[in-house]
Amino acid sequence: MKIRRVGTAGLLIECPDAQRVEDWRAELWKRRAAGELRVVEIVPGARTVLLDGAAPGTAEALPGWEPAPGGIQAEGPLVEIHTVFDGEDLESVADLWGVTVDTAVRRLVETPLSVAFSGFAPGFAYLRGLADEWAVPRLAAPRPRVPAGSVALAGGYAGIYPTASPGGWRLVGRTDQNLFDVRREHPALLTPGTRVRLVAV
C-alpha cells in the first residue's frame with residue numbers, strides 16, 4: 001500500500017489489486033460513518049482509492065487503519081437488474097468461455113456482482129465478481145453507438161450503459177431500468193459497494 005498526496009487536500013491510496021481496493025473502500029466508509037474519518041469524498045478506482053478533501057492528520061492515520069486482506073465487509077444494498085439476454089455478442093462470449101449460450105446466461109445470473117467503482121460516463125458502474133478465467137477482450141473496433149441499458153462485458157468486469165454512447169464492450173443483454181437520473185436525490189442507481197444481481201426476464 002502506497003499513499004500519495006494529490007493537490008492540497010487529497011490522498012491517493014495505491015493498491016496491488018481490485019480486492020485491496022474493496023478492502024480499503026469498506027474500511028474507509030466504516031471509519032467515516034463512525035466519525036473517525038473526515039473527508040469530502042471517497043472515490044475507489046481500479047487500483048486506487050482517492051480521498052478528496054481529507055482532514056489534516058489523515059495521511060498519518062491511514063497506516064494504522066490498513067484492513068486485513070479479504071476482510072469481512074458490511075454488505076451493501078442489493079439491486080436486481082432485470083435483463084433480457086439477447087445481446088449481439090452473447091454467442092461470441094459463450095464461445096470464448098467454451099460453453100453454450102444457456103450456460104453463459106446461467107453463469108451471469110448466478111454470479112454475485114458488486115460495484116467496484118464508477119467511471120467512463122455518469123452512472124456507469126464497473127461490476128466485479130466474475131471469475132478471472134471469464135475475462136473477455138474488448139471488441140477490436142468500438143461500436144459508434146451502444147444503446148442505453150445495454151448489459152456488457154469487458155476484461156474482468158460487467159457493466160451497464162446508462163446512456164447511449166460509443167463503446168467497445170461485448171453486449172450480452174439489455175435492461176429497461178433507469179441507471180442515472182439527475183432528478184433523483186442520488187442520481188446513480190449503482191454506487192460503489194452496491195451488490196448487483198442480474199435477473200433474466
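Gly7 is located in the loop that links strand E1 (2–6) to strand E2 (10–14), where helices (H or I, at least four residues) and strands (E, at least two) are DSSP runs numbered from the N terminus. The model is predicted, so local features need pLDDT of at least 70 and side-chain atom pairs count only at pLDDT 80 or more, whereas totals for chains, interfaces and linings use all residues. Residues are numbered from 1 along each chain as its sequence is written, and side-chain values use heavy atoms, with hydrogens and water left out. Gly7 is exposed because its relative accessible area is 69%; buried means under 20% relative accessible area, exposed over 50%, and partly exposed in between (1.4 Å probe, protein chains only). Between the C-alpha atoms of Gly7 and Gly53, which stand 46 residues apart along the chain, the separation is 9.5 Å.

Pro16 occupies the loop between E2 and helix H1 (18–33). With a relative accessibility of 61%, Pro16 counts as exposed. Its C-alpha atom is separated by 34 Å from that of Glu185, 169 residues apart along the chain.

In overall architecture, the protein contains four helices and 13 strands. The radius of gyration is 18 Å, which agrees with the value near 17 Å that a compact globule of 201 residues would have; this radius is taken over C-alpha atoms, and the globule rule is 2.2 Å times the number of residues to the power 0.38. The C-alpha trace spans about 55 × 35 × 30 Å along the principal axes of the protein. Of the 201 residues, 46% are buried. Contacts (heavy atoms within 4.5 Å) were also examined: of those between residues at least 6 apart in sequence, 59% join residues at least 24 apart.

The interior was then considered in terms of nonpolar cores, each a set of buried Ala, Val, Leu, Ile, Met, Phe, Trp, Tyr and Cys residues joined through side-chain atoms within 4.5 Å. In soluble globular proteins, nonpolar side chains tend to be buried together. The largest nonpolar core has 26 residues, of which Trp97, Leu108, Leu153 and Leu190 touch the most other members. Elements giving two or more residues to this core include helix H3 (90–97), helix H4 (101–110), strand E6 (113–118) and strand E13 (195–200). H3 provides the largest share, four residues. A second, separate core comprises 15 residues, among them Val39, Leu51, Ala59 and Leu62. When neighbours within four places in sequence are left aside, the contacts of Leu190 include Val79, Val115, Ala125, Ile160 and Val196.

Arg195 is found in strand E13. This residue counts as partly exposed because its relative accessibility is 29%. Leaving aside neighbours within four places in sequence, Arg195 is in contact with residues including Glu75, Pro77, Leu78 and Leu113. The C-alpha atoms of Arg195 and Arg128 are separated by 9.6 Å, although the two residues are 67 apart along the chain.

Phe120 lies in the loop between E6 and E7. Most residues other than glycine have a negative phi. The phi of Phe120, however, has a positive value, near 70 degrees. Phe120 counts as exposed because its relative accessibility is 51%.
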